[in-house]
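Student: I'd like to learn how to read a few features in a structure. Could you walk me through them?

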Amino acid sequence: KTMPDDLIDKLNTYRLDGRLSQSQLAKQLGVTFQTVNRWFNRHMKPGQIHEHHIKKLLNTASTIGVND
């Protein structure tokens with residue numbers, strides 16, 4: 001499945017647009033910096049629960065116009 005990779009790209013764009021560090025992003029998602037770092041380095045894909053929360057975060061961001 002390529003979905004998680006695409007999702008991670010979107011998450012990274014969200015992070016860069018918001019000028020967030022990986023640590024700050026990790027806090028928003030309730031995970032550790034190491035987890036976010038592994039996603040971005042493609043060492044690990046987000047599990048189902050994390051994927052759900054990433055999508056929720058990105059949907060919220062797009063509705064308030066952070067990424068537009």
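Student: Let's start with accessibility. Is Asp-6 buried, partly exposed or exposed?

Tutor: The general idea is to compare the relative accessible area with two cut-offs: under 20% is buried and over 50% is exposed, with partly exposed in between. This is a predicted model, and in it Asp-6 has a relative accessibility of 36%, so Asp-6 counts as partly exposed.

Student: Which side chain does Asp-6 meet in a salt bridge?

Tutor: That of Lys-10, with an N to O distance of 3.4 Å. For a salt bridge, the side-chain nitrogen of Lys or Arg has to lie within 4 Å of a carboxyl oxygen of Asp or Glu, so we check the distance against that cut-off. Lys-10 is partly exposed too, at 43% relative accessibility.

Student: How are Asp-6 and Lys-10 placed in helix 1?

Tutor: They are four residues apart, so about one helical turn separates them.

Student: How many salt bridges does a search of the whole structure find?

Tutor: Five. One more to look at joins Arg-42 and Asp-5, whose closest N and O atoms are 3.6 Å apart. This pair links distant parts of the chain, 37 residues apart: Arg-42 sits in the loop between helix 3 and helix 4, while Asp-5 belongs to helix 1. Arg-42 is partly exposed at 40%, and Asp-5 is partly exposed at 27%.

Student: Which residues are linked in a network of salt bridges?

Tutor: Asp-5, Asp-9, Arg-42 and Lys-45.

Student: Now for helix packing. What describes two packed helices?

Tutor: The angle between their axes and the distance between those axes. Here, helix 2 (residues 22–29) packs with helix 4 (residues 48–63) at an angle of about 105°, and the axes are 10 Å apart. That angle makes helix 2 roughly perpendicular to helix 4.

Student: Which residues make the contact?

Tutor: Helix 2 contributes Leu-25, Gln-28 and Leu-29, and helix 4 contributes His-53, Ile-54 and Leu-57. Sorted by class, the contact of helix 2 with helix 4 has four nonpolar residues, two polar ones and no charged ones.

Note on methods
Residues are numbered from 1 along each chain as its sequence is written. This is a predicted model: local features need pLDDT of at least 70, side-chain atom pairs count only at pLDDT 80 or more; totals for chains, interfaces and linings use all residues. Side-chain values use heavy atoms; hydrogens and water are left out. Axes are lines fitted to C-alpha atoms, for helices over the stretch in contact, and angles run from 0 to 180 degrees between N-to-C directions. Helices (H or I, at least four residues) and strands (E, at least two) are DSSP runs, numbered from the N terminus. Angles under 35 degrees count as roughly parallel, over 145 as roughly antiparallel, 65 to 115 as roughly perpendicular and the rest as oblique. Contact means heavy atoms within 4.5 Å. Ala, Val, Leu, Ile, Met, Phe, Trp, Tyr, Cys and Pro count as nonpolar, Asp, Glu, Lys and Arg as charged, and the others, Gly among them, as polar. Buried means under 20% relative accessible area, exposed over 50%, partly exposed in between (1.4 Å probe, protein chains only).
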